[in-house]
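Here is a short briefing on the structure below.

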Amino acid sequence: MLGHPEYYPRFGFTPASGFGITLHVEVPDEALMAMSLAGEVPAGALAFAPEFGV
């Protein structure tokens, strides 16, 4: 989830880097977040679809 670092942690989101998740564009570490819904969170690199022009 890419979102406001002061808003989403109240719902349990933490920096995605702690799960081994990265994004193909540079964003502040605290803005890219993840949380476990059921079990282990998959690690890896995320990329926007070409339609987003990034």
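## Briefing

Phe-52 sits in the segment after strand 4. The model is predicted. Phe-52 has a relative accessible area of 61%. That is over 50%, so Phe-52 counts as exposed.

**Surface patch**
- Phe-52 belongs to a nonpolar patch on the surface, together with Leu-2, Phe-48 and Val-54.
- The accessible area of Leu-2, Phe-48, Phe-52 and Val-54 together is about 410 Å².
- Phe-48 has a relative accessible area of 32%. This value falls between the 20% and 50% cut-offs, so Phe-48 is partly exposed.

**Loop residue Glu-40**
- Glu-40 is placed in the loop between strand 3 (33-34) and strand 4 (44-46).
- The relative accessible area of Glu-40 is 78%. The cut-off for exposed is over 50%, so Glu-40 is exposed.
- Between Glu-40 and Val-27 the sequence separation is 13 residues. In space, their C-alpha atoms are 24 Å apart.

**Nonpolar core**
- The largest nonpolar core has six residues in all.
- Its members are Ala-16, Ile-21, Leu-23, Leu-32, Ala-34 and Val-41.
- In soluble globular proteins, nonpolar side chains tend to be buried together.
- Which residues does Ile-21 touch, not counting residues up to four places away in sequence? They are Ala-16, Leu-32, Ala-34, Val-41, Pro-42, Ala-43, Gly-44 and Leu-46.
- Among these contacts of Ile-21, Ala-16, Leu-32, Ala-34 and Val-41 are also core members.

**Aromatic pairs**
- A pair of aromatic rings is described by the distance of the centres and the angle of the planes.
- How many aromatic pairs are there? The count comes to four.
- Tyr-7 is partly exposed, at 38% relative accessible area.
- Phe-11 is partly exposed as well, at 45%.
- Phe-48 and Phe-52 have ring centres 5.9 Å apart and planes at 50°, so their pair is tilted.

How values were computed. Residues numbered from 1 in each chain as written. Predicted model: local features only at pLDDT ≥ 70, side-chain atom pairs only at ≥ 80, totals over all residues. Heavy atoms only, no water. Helix = DSSP H or I, 4+ residues; strand = E, 2+ residues; numbered from the N terminus. Buried < 20%, exposed > 50% of the residue type's maximum accessible area, 1.4 Å probe, protein only. Patch = residues over 30% accessible without salt bridge, like charges linked within 9 Å, V, L, I, M, F, W, Y side chains within 5 Å. Areas by Shrake-Rupley, 256 points an atom, 1.4 Å probe, with all protein chains shown as cover. Salt bridge = Lys/Arg side-chain N within 4 Å of Asp/Glu carboxyl O. Core = buried A, V, L, I, M, F, W, Y, C linked by side-chain atoms within 4.5 Å. Contact = heavy atoms within 4.5 Å. Phe/Tyr/Trp six-rings, centres within 6.5 Å; stacked < 30°, edge-to-face > 60°.
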